Amino acid sequence: MLGKLVKHEWKATYKLNLGLIAILAGLTILGCLSFCTPLWTNAFQDIDAGFTFTDLTGIMSLIFYFIGIFGVLWGLIIYLGVHFYRNMYSSEGYLTHTLPASSHQLLISRILVGGIWYLILQVLIVLSIFIVIFSMLGIMYRAITGEASLWTYIMQNQDEVMKLLNEVFGSMYNMDAVAGFLYFIFTTILGAFVFVMTLYGAITIGQLSAKHKVMMSIVSYIVISMIKGIIAYVVALPSLFYVTNDIYSGYSSTTISLNLINVLINLVLSVGLYFISNYIITRKLNLE
Amino acid sequence: MNDLVEIVGLSKAYDERTTAINNMTLTLPRGRIIGLLGPNGSGKTTLIKMLNGLLVPTQGSIKINGFYPGPETKAKVAYLPDRTYLNNAQCVSELLDYYNDFYADFSRDRAGEMLTGLNIDPTSKMKTLSKGTKEKVQLILVMSRSADLYILDEPIAGVDPAARDYILRTIITNYSPEATILLATHLIGDIESVLDEVIFLRYGQLVLYNSVDNIRMQHGKSVDAYFREVFAC
């Protein structure tokens, strides 16, 4: 039954999400093109050639790219929320809740599909930003060195690149590049599902209100986020003192332990929200 | 296990002042078409929601086929709510796939025949259909199941008289003699001819559960006329 629920949830959501991915692809091309104006090459070569209309278009395109990226992410969040609300708690809920499935199966299928879409969009957004930055670095590299391809340089100097990545992840997580990357992947995957659970949990709590379900959902989301923030802050306080005492050696290990604590807090709150949502669906729900 | 539905001491209170169903005990047999009748606010929809597992009783219990409302009963109860509940973005054939996937007792062939009979194109999107056609699609989906219990909440309220005849014909010709149909409506005159038994509800309490023939014999009038007498304002 869970497989069927996941299949139909995927079918119901893929069209709009593919649309968002297509928009993201278009934005990425726009972001890359925005660096093709003479402004950037001149700036990297320290040439003062004035500011032309083409340069303005490039800058505007870049601004539009970043606004668009936020738009895509918020578009997904709003879509996931509205779809979950409609499917579970509006008139469509009459069909959803009379399927021969348990409330756990209904919830898990929605969280799974929502989490996967959020994860896919997040990864694609990071990839998009990476491509745009890489295209900018490529132009910078060509302008400064006169060589054709940054990619060729990277492939020829893999050891140096790995060393740089090790330093980056080392400063972030106190790990080597591979371990840091795996940790990053793990927290990103977990974060996607935690976010979707928080969103769906808040919408479900909102159903307890007789008249102002949407408002109650928004307030619930804000309150849950505040609770998360307060707990994370209280837990982090002693570690912050530690950072001040021994800033250099303590920073990396503190960052990772704070990060782990944050992951744990999110995990515990999400599990709690899951069971609260299940309780509301099975015991308190009254579809209009 | 001859009885299909067993309701014992059932109550539902939304808050301290609003009791929608009050200490109801009732047993529904198999193989009947039963009218669930009562004025607005009598508790019909609350009872239907509880039978479908959409509401939890405050007190008492419901058993269908020996099971409390849950996945086991939902697999054998075909429910038509009093509203449009299908996804408007889907086309009719996608909805057939949906029902076919989730309900083991769904017959795609039977649904296809009914759609053809009503000239409804399976490739049409729900949002392009009129309100009446949407209701027909919903009824076709529900009546294409070989369920033990059909619960139809106001199935003829929003459609024209010609469509009403079709819907009633569909209901009568598409359920097995072992199944029971519970039909809630205000339009008693239109459905009286198909009913075997009726339940009268008032203020969440069972006023009467009797066969249509008995009512006619005992009171010398139609169910519609008797209903108007019992619930006269």
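The model is predicted.

**Chain A**

Chain A is built from 10 helices and has zero strands. Along the sequence, the pattern reads α-α-α-α-α-α-α-α-α-α. Chain A has 288 residues, and 26% of them count as buried. Take the contacts in chain A between residues at least 6 apart in sequence: 71% of these join residues at least 24 apart.

H3(A) has 37 residues and spans 51 Å from its first C-alpha to its last, close to the expected 54 Å. H5(A) has 43 residues and spans 61 Å, close to the expected 63 Å. Both expectations use 1.5 Å a residue. After H5(A) comes Gly146(A), with a positive phi near 80 degrees.

Burial in H3(A) takes in several residue types. Among the buried residues are the aromatic side chains of Tyr65(A), Phe84(A), Tyr85(A) and Tyr89(A). Gly68(A) and Gly81(A) of H3(A) are buried too.

**Helix pairs**

Two packed helices are described by the angle between their axes and the distance between the axes. One pair from each chain is tabulated here.

| Helix pair | Angle between axes | Distance between axes |
|---|---|---|
| H3(A) (53–89) and H5(A) (103–145) | about 175 degrees | 11 Å |
| H5(B) (131–143) and H6(B) (161–173) | about 5 degrees | 11 Å |

How do H3(A) and H5(A) run, roughly parallel or roughly antiparallel? They pack at about 175 degrees. The cut-off for roughly antiparallel is over 145 degrees, so H3(A) is roughly antiparallel to H5(A). On the H3(A) side, the contact uses Tyr65(A), Ile69(A), Val72(A), Leu73(A), Leu76(A), Leu80(A) and Phe84(A). H5(A) answers with Arg110(A), Gly114(A), Trp117(A), Tyr118(A), Leu121(A), Ile125(A), Ser128(A) and Val132(A). By class, 12 of these contact residues are nonpolar, two are polar and one is charged.

The chain B pair packs at about 5 degrees. That makes H5(B) roughly parallel to H6(B). H5(B) contributes Gly132(B), Lys136(B), Leu139(B) and Met143(B) to the contact. H6(B) contributes Ala163(B), Ile167(B), Thr170(B) and Ile171(B). The residues divide into five nonpolar, two polar and one charged.

**Strands of chain B**

Strand E6(B) covers residues 149–153, and five of its five residues are buried, so E6(B) is largely enclosed by the rest of the structure. Which residues point which way from E6(B)? Leu149(B), Ile151(B) and Asp153(B) point one way, Tyr150(B) and Leu152(B) the other, and all are buried.

E6(B) has parallel partners. With E5(B) (residues 77–80) the pairing is parallel over four bridges. There, Leu80(B) has Leu152(B) of E6(B) as its bridge partner. With E7(B) (residues 180–184) the pairing is parallel over five bridges. In that pair, Ile151(B) bridges to Leu182(B) of E7(B).

Chain B also holds an open sheet of three strands, in the order E2-E1-E4, with antiparallel pairing. Its edge strands are E2(B) (19–29) and E4(B) (59–64), each pairing on one side only. The twist from one strand to the next averages 15 degrees. E1(B) (residues 3–13) and E2(B) pair in the antiparallel sense over seven bridges. Lys12(B) has Ile21(B) of E2(B) as its bridge partner. Helix H1(B) (residues 44–51) packs on this sheet and touches E1, E2 and E4 of chain B. The direction of H1(B) makes about 60 degrees with that of E2(B).

**Between the chains**

How many residues of each chain take part in the contact between A and B? Chain A supplies 16 residues and chain B 17. On the chain A side, helices H1 (2–33) and H4 (93–96) each give at least two residues. H1(A) gives the largest share, three residues. By class, the chain A side has seven nonpolar, six polar and three charged residues.

Terms used. Residues numbered from 1 in each chain as written. Chains lettered and ligands numbered in written order. Predicted model: local features only at pLDDT ≥ 70, side-chain atom pairs only at ≥ 80, totals over all residues. Contact = placed C-beta atoms within 7 Å. Nonpolar A, V, L, I, M, F, W, Y, C, P; charged D, E, K, R; others polar. Axes fitted to C-alpha atoms, helices over the stretch in contact; angles between N-to-C directions. Parallel < 35°, antiparallel > 145°, perpendicular 65-115°, else oblique. Expected span 1.5 Å × (residues − 1). Buried ≥ 20, exposed ≤ 12 C-beta atoms within 10 Å, placed from the backbone. Pairing = 2+ DSSP bridges.
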